[in-house]
Amino acid sequence: MKDFKGKVAFITGGGSGAGLGQAKLFSQAGCKVVIADIRQDHLDEAMAYFKEKKAPVHAIKMDLTDRKAYAAAADEVEKVFGSPPQLLFNTAGVNTFGPAEASTFEDYDWVLGVNLGGVINGLVTFVPRMIKAGKGGHIATVASWGGFMGFAGDAPYSCSKAAVINLMESYYLALKPYGIGVSVLCPGNIRSNIGEAVYTRPKRLANTGYHVNEGTINSIRSIHAQGMDPVELAGWLKRGIENEQLYVLPFPNSEQMLRENFERVIDFSTPEGTRRQDELARKRQAEMGERRESGFGKAKADLTWVRESARAKEQ
Ligand code: NAI
């Protein structure tokens, strides 16, 4: 897709970070934009920006893990803008950090429910509507560079992102005959509010094995404060959509990064390569360890079966 004028774009997580960056850039490119988000304050802030610009942007408060709410949102888009979206951005996502061995069912259910389940809900809700409308279009999902590898301190998130990378390749192949393009954006660090994701964690999934408090949230905030500007990131995505690329990696040296990543996979399939990778992982863990005075990325203190260095000291 090269011409974005008059296209309807549905953006999950459109109230903040990467999703808001997309809303700003694609609205500027002439799209009618729907921002869908679970946080009313994020939607209000975003809408104040768009109202000032007099841009055709519509906000929907919804939890994308709620399939009925998703269907109602799809109906609302058609009522407000007259057609299903031609652009679907599955951008909303959440994260929480802690040792894989401390993870609870609820850690997995929450993170995978939003990051994978939310994307599935978007696809199952909108793909038939997009095909029936017969106007073609493009679907983009925000995964992560982290989806290309496992990470001992972020297992639910890493596997959710690996899953959506794989999922988008399936849809890329499946939707070609309908004139619907598919991309998966795999960013590194983004300047966003994802450090606060735990504020949206549902009560029924509150049971976590990780050490989470305002101190750990602030540690994550300070990391993301250094991230890529969301509008700049949306620019990478727009170029990827224009070029009909499946993978959009917003790094100048992405080809080299991918080669090194797949060398890692090859390494893990031989004994000498495995030793090399173990050594690299040990060094990385030591570096990470130095950043964790707040207890960020650690298990809860009372999980005494988790090794001491991976456990928080206070609760
Ligand atoms: P963000 O927190 O600033 O924006 C995400 C938005 O999604 C928030 O407004 C939040 O309220 C919304 N959201 C969360 N759960 C929701 C739900 N159940 N239903 C509806 N909306 C929900 O975070 P950010 O960083 O902009 O995240 C966007 C995407 O980028 C996510 O998929 C994330 O995993 C991905 N990503 C982020 C990176 C980073 O460094 N921040 C790096 C790589 C990927």
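Trainee: Are helix 3 and helix 4 roughly parallel or oblique to each other?

Mentor: Oblique. In this predicted model, the axes of helix 3 (residues 67-81) and helix 4 come within 10 Å and cross at roughly 40 degrees. Angles under 35 degrees would count as roughly parallel.

Trainee: And which hand does that crossing have?

Mentor: Helix 3 passes helix 4 in a right-handed crossing.

Trainee: Which residues make the contact?

Mentor: From helix 3 you have R67, Y70, A71, A74, D75 and E78. Helix 4 brings G118, N121, G122, T125, F126 and R129. Sorted by class, that contact has 4 nonpolar, 4 polar and 4 charged residues.

Trainee: Now helix 4 with helix 5. What is the angle there, and how far apart are the axes?

Mentor: Helix 4 (residues 105-133) and helix 5 (residues 155-175) pack at about 15 degrees, with their axes 8 Å apart. These two helices are therefore roughly parallel to each other. Helix 4 passes helix 5 in a right-handed crossing.

Trainee: What classes of residue sit in that contact?

Mentor: There are 19 nonpolar, 2 polar and 2 charged residues. On the helix 4 side, they include V111, L112, L116 and I120. Among those from helix 5 are A163, V164, L167 and M168.

Trainee: Switching to the sheet: what is the strand order?

Mentor: The sheet is open, has 7 strands and runs 3-2-1-4-5-6-7, with parallel pairing.

Trainee: Which strands stand at the edges?

Mentor: Strand 3 (57-61) and strand 7 (247-248). Each has a single partner strand, so one side of each is left without a neighbour in the sheet.

Trainee: How many bridges join strand 1 and strand 4?

Mentor: Strand 1 (residues 8-12) and strand 4 (residues 87-90) pair in the parallel sense over 3 bridges. If you want a spot to look at, I11 stands opposite F89 in strand 4.

Trainee: Which strands does helix 7 lie across?

Mentor: Helix 7 (residues 230-242) lies across strand 4, strand 5 (137-142), strand 6 (180-185) and strand 7. Its direction is at about 145 degrees to strand 6. Helix 2 (residues 40-53) lies across strand 2 (32-37) and strand 3, running at about 175 degrees to strand 3.

Trainee: Last topic, aromatics. How many pairs are there?

Mentor: The count comes to 10 aromatic pairs. Take F4 and F26: their ring centres are 5.3 Å apart and their planes are at 75 degrees, so the pair is edge-to-face.

Trainee: Where do F4 and F26 lie?

Mentor: F4 is in the segment before strand 1, and F26 is in helix 1 (residues 17-28), so the pair ties together parts that are 22 residues apart in sequence.

Note on methods
Residues numbered from 1 in each chain as written. Predicted model: local features only at pLDDT ≥ 70, side-chain atom pairs only at ≥ 80, totals over all residues. Heavy atoms only, no water. Axes fitted to C-alpha atoms, helices over the stretch in contact; angles between N-to-C directions. Helix = DSSP H or I, 4+ residues; strand = E, 2+ residues; numbered from the N terminus. Parallel < 35°, antiparallel > 145°, perpendicular 65-115°, else oblique. Left-handed = near helix turned anticlockwise from the far one by under 90°. Contact = heavy atoms within 4.5 Å. Nonpolar A, V, L, I, M, F, W, Y, C, P; charged D, E, K, R; others polar. Pairing = 2+ DSSP bridges. Phe/Tyr/Trp six-rings, centres within 6.5 Å; stacked < 30°, edge-to-face > 60°.
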